[in-house]
Amino acid sequence: MNIYDNNYESIQKKITLTNVLINRDNLIIPGEKEEAISELVISQITKNKDYKIPHLKKSTYDVEMEKVTLNLQKYLQSKEIEEKYQDLIVTQYLVKQCTPPQVYYSTFYGPHIPCSINIPYQLDELSHIHIGHEVMHVFLDNESCKEWKWLFLYSEVIPMLYELIQVSDENKMTKQKVLKWRLSKLLEMYNNIFREDIIKVLQNDQKALLYYQMPEKQYFIAFYYTILLYDLYCQDEKSVRLTLQSVLKQEITTKQMLENYGLLKNVDNVSFEKSYSLVLKNHLYE
């Protein structure tokens, strides 16, 4: 037995779960283009490895859920989406306070299968932002095989975009906290999937390494498109908001939204780096 044996079981479990999802639901696997996008994002977010989740004031369930509702009304401005939220989240999908601090996720076993939004026992001043992120997942994946099959490429784009939209006109301190939270989570994912011991275990099986890293790499891929879309949002808020509404109403898919904006043609290093720098400037350094 060597020092890597204790990790082997958890590594294999994660690989197996990824494989099951791909085969069961006929999911699209990221290719060379997405790998290039992932590498681009990683190259930017790792320039500063000191991002840490900021100290956050405690809050309550009722306060944060009220903010979720208010944000949907304010930033999406759609009666249909508001009614869908009341139907899906308030009456059908259980929001459970069951996770450790800073951990938010939706339980989905595939399209058409109900989920729960899982949030921390103790909420904080930014909880409504991250609950809003999970609400976007429910909107997108509920009864939508067209969205689900692109799970490992585009599923995090709209939820991450909504994070930034929710703080687009907030004060400097709130903007800083939200972006630092997201960047710290991305760095945490990067550190987890590129650990030396894991790479050593899987170095002779590239498919296994791909499947192990895929659940985290989807966030890097999505962050690339999120930053480009947010730049468009800052230029023409109304147009992007209306397009976002179309996606949430399942009139078009996230992929079609990206195609309509010409973002799937090639990997645009220059535009991403420029837009990312602007986000840092406006949210961290303004």
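The points that follow are grouped by topic. This is a predicted model, in which local features need pLDDT of at least 70 and side-chain atom pairs count only at pLDDT 80 or more, while totals for chains, interfaces and linings use all residues. Residues are numbered from 1 along each chain as its sequence is written, and side-chain values use heavy atoms, with hydrogens and water left out.

**Nonpolar cores**

- A nonpolar core is a set of buried Ala, Val, Leu, Ile, Met, Phe, Trp, Tyr and Cys residues joined through side-chain atoms within 4.5 Å, where buried means under 20% relative accessible area with a 1.4 Å probe, protein chains only.
- The largest nonpolar core holds 84 residues, and F223 and Y225 have the most contacts inside it.
- Helix α11 supplies the largest share of this core, 17 residues; helices here are DSSP runs of H or I with at least four residues, strands are E runs of at least two, and both are numbered from the N terminus.
- Leaving aside neighbours within four places in sequence, F223 is in contact (heavy atoms within 4.5 Å) with V41, I45, M160, R182, L183, L186, F272 and Y276.
- Another core, of 5 residues, lies apart from the largest one and includes L56, I129, V167 and V178.

**Packing of α9 and α11**

- Helix α9 (residues 172-193) packs with helix α11 (residues 206-235) at an angle of about 145 degrees, their axes being 10 Å apart; axes are lines fitted to C-alpha atoms, for helices over the stretch in contact, and angles run from 0 to 180 degrees between N-to-C directions.
- On the α9 side the contact is made by R182, L183, L186, M189, Y190, N192 and I193, and on the α11 side by Y212, Q213, E216, K217, Y219, F220 and F223.

**Strand pairing**

- Strands β2 (residues 95-99) and β4 (residues 117-120) pair in the parallel sense over 4 bridges, pairing being assigned if DSSP finds at least two bridges between two strands.
- Within this pairing, V95 has I117 of β4 as its bridge partner.
- Strand β3 (residues 105-106) pairs with β4 in the antiparallel sense over 2 bridges, and Y105 stands opposite N118 in β4.

**The loop residue L27**

- L27 is found in the loop between α1 (5-25) and α2 (32-45), and it is buried, with a relative accessible area of 5%.
- L27 and W148 are 121 residues apart in sequence, while their C-alpha atoms are 7.4 Å apart in space.
- Leaving aside neighbours within four places in sequence, L27 is in contact with L21, I22, W148, K149, L151 and F152.

Note on methods:
Buried means under 20% relative accessible area, exposed over 50%, partly exposed in between (1.4 Å probe, protein chains only).
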